[in-house]
Amino acid sequence: MLRSLPYIALTAAGIAVCLLAFSWLTSVWLGRHLGWGELVVASLLLLVVLAVGRSIWRSRSRRKIEDMRDSALW
């Protein structure tokens, strides 16, 4: 658990920065601030994107390790 704590903190900070940037861009574009519902939807979308990206990264990493292991056996 302690090893993953920095990654969790970085992810939370990344989400906060993305929300802040998204809120600022949208408020400039629409000429108004975002409501709570819009911020919740944006948060959920960012979490989904992070989860999919992490899944792709882990499968790619796992595949790379399996390829190295298979090449070492030959």
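The structure described here is a predicted model. Under this classification, the lining of the largest pocket comprises seven nonpolar, three polar and two charged residues.

The overall architecture of the chain was considered next. Its secondary structure amounts to two helices and zero strands. The radius of gyration is 18 Å, well over the 11 Å that the globule rule gives for 74 residues, so the chain is more spread out than a compact globule. Along the principal axes, the C-alpha trace extends over about 65 × 25 × 15 Å. Of the 74 residues in the chain, 9% are buried.

Helix H1 contains 26 residues. From its first C-alpha to its last, H1 reaches 37 Å, which is close to the 38 Å expected at 1.5 Å a residue. The buried residues of this helix are Ile15, Leu19, Ser23, Thr26 and Ser27. An α-helix has 3.6 residues a turn, so residues three or four places apart point the same way. After H1 comes Gly31, which has a positive phi, near 80°.

Thr11 is also located in helix H1. Its relative accessible area is 35%, and Thr11 is therefore partly exposed, given that this class lies between the limits of 20% for buried and 50% for exposed. Between Thr11 and Ile56 there are 45 residues of separation in sequence and 16 Å in space, taken from C-alpha to C-alpha.

Val40 lies in H2, and with a relative accessibility of 48% Val40 counts as partly exposed. The C-alpha atom of Val40 is separated by 9.7 Å from that of Leu19, the two residues being 21 residues apart along the chain. Leu47 is likewise placed in H2, and its relative accessibility of 43% puts Leu47 in the partly exposed class. Leu47 and Lys64 are 17 residues apart along the chain, with 25 Å between their C-alpha atoms.

The largest pocket holds about 440 Å³ of space. The elements that each contribute two or more residues to its lining are helix H1 (5–30) and helix H2 (36–73). H1 makes the greatest contribution, with six residues. The lining is formed by Ser4, Tyr7, Ile8, Leu10, Thr11, Gly14, Ile15, Leu50, Ala51, Arg54, Trp57 and Arg58.

Terms used:
Residues numbered from 1 in each chain as written. Predicted model: local features only at pLDDT ≥ 70, side-chain atom pairs only at ≥ 80, totals over all residues. Heavy atoms only, no water. 1 Å grid on protein atoms, 1.4 Å probe; cavity = no way out; pocket = protein on both sides within 12 Å on 5 of 7 lines; lining within 4 Å. Points joined across faces, edges and corners; volume = space filled by probe spheres on them. Helix = DSSP H or I, 4+ residues; strand = E, 2+ residues; numbered from the N terminus. Nonpolar A, V, L, I, M, F, W, Y, C, P; charged D, E, K, R; others polar. Expected span 1.5 Å × (residues − 1). Buried < 20%, exposed > 50% of the residue type's maximum accessible area, 1.4 Å probe, protein only. Rg over C-alpha atoms; globule rule 2.2 N^0.38 Å.
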